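Subject: The model for you to look through

Hi there,

Here is the model I promised to send over. Please open it alongside this email, and I'll walk you through what turned up.

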Amino acid sequence: PDDLGDLLELPILAILATHAEDGQILLSPVWHEWRDRGFSIMTWAKDIKSRQLNANPKATVVVAEQFRPYRSIEVRGRAELSQPPDRYEILRRIACRYLGDDAGASYAEDYAGIEIELIRIVPGHIRAWDFSDQDA
């Protein structure tokens with residue numbers, strides 16, 4: 001991740017892959033935050049992502065830049081779900097990344113009192129790439 005510059009600081013949607021009981025894979029575009037060497041993703045408690053991760057914690061997250069040099073990262077690992085005391089602050093921080101300070105704070109305020117969960121995915125396997133050497 002350190003070799004990808006600011007990729008994980010940009011407000012690019014991540015794709016979260018979770019596994020259904022029948023083996024199907026659910027791909028969900030999500031807001032994310034790369035912090036403490038892992039992904040933080042907020043979701044409603046008991047959302048389909050949460051239910052699938054409770055049944056099978058294997059998850060994959062992909063963040064891919066849409067323009068040259070097409071920096072991308074894939075992280076596979078085991079998801080941990082929790083409701084930490086600061087989960088609304090985490091939501092606010094993530095929302096501000098994507099919406100700006102005022103709109104992000106307002107978005108987070110709208111979720112006050114709604115049961116949300118933190119999905120935390122720390123890498124078991126990382127695959128990262130870019131094509132900057134091909135631009136030379």
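At what angle do helix α2 and helix α3 pack, and how far apart are their axes? Helix α2 (residues 87-99) and helix α3 (residues 101-110) pack at about 145 degrees, with the axes 7 Å apart. Axes here are lines fitted to C-alpha atoms, for helices over the stretch in contact, and angles run from 0 to 180 degrees between N-to-C directions. Helices (H or I, at least four residues) and strands (E, at least two) are DSSP runs, numbered from the N terminus.

Before going on, a word on the source: this is a predicted model, so local features need pLDDT of at least 70 and side-chain atom pairs count only at pLDDT 80 or more, while totals for chains, interfaces and linings use all residues. Residues are numbered from 1 along each chain as its sequence is written, and side-chain values use heavy atoms, with hydrogens and water left out.

On the α2 side, the contact (heavy atoms within 4.5 Å) is made by Y88, L91, R92, A95, C96 and L99. The α3 side supplies D101, A103, G104, A105, Y107 and A108. Sorted by class, that contact has nine nonpolar residues, one polar and two charged. In this scheme Ala, Val, Leu, Ile, Met, Phe, Trp, Tyr, Cys and Pro are nonpolar, Asp, Glu, Lys and Arg are charged, and the others, Gly among them, are polar.

**The sheet**

Next, the strands. Seven of them form an open sheet in the order β2-β1-β5-β6-β7-β4-β3, with antiparallel pairing; two strands count as paired if DSSP finds at least two bridges between them. The edge strands, each pairing on one side only, are β2 (25-30) and β3 (33-35). From one strand to the next, the twist averages 30 degrees.

- β1 (residues 14-19) pairs with β5 (residues 58-64) over four antiparallel bridges. A14 stands opposite V63, and L16 stands opposite V61.
- β5 also pairs with β6 (residues 72-82), in the antiparallel sense over seven bridges. Here V62 faces E74.
- β4 and β7 (residues 116-129) run antiparallel and are joined by six bridges. W44 stands opposite I116 in this pair.
- β3 and β4 run antiparallel too, with three bridges, and R35 is opposite G38.

Why is β4 described as largely enclosed by the rest of the structure? Six of its seven residues are buried, so β4 is largely enclosed. Buried means under 20% relative accessible area, exposed over 50%, and partly exposed in between (1.4 Å probe, protein chains only).

Most residues other than glycine have a negative phi, and most peptide bonds are trans.

- D36 sits in the turn of the β3-β4 hairpin, which has two residues between its strands, and D36 is exposed at 65% relative accessible area.
- Y70 lies in the loop between β5 and β6 and is partly exposed, at 34%.
- P69 is in the loop between β5 and β6.

**Two buried residues**

S50 belongs to helix α1 (residues 48-55) and is buried, with a relative accessible area of 0%. Its side chain makes a polar contact with the side chain of E117 at 2.6 Å. A polar contact is a pair of N or O atoms within 3.5 Å; within protein, one must be able to donate a hydrogen and the other to accept it, and residues adjacent in sequence count only if both atoms are side-chain atoms. Leaving out residues up to four places away in sequence, S50 touches T43, W44, L81 and E117.

V30, in strand β2, is buried at 7%. Again leaving out residues up to four places away in sequence, V30 touches L13, A14, L16, I41, K49 and Y98.

Happy browsing, and do write back with any questions!

Best wishes
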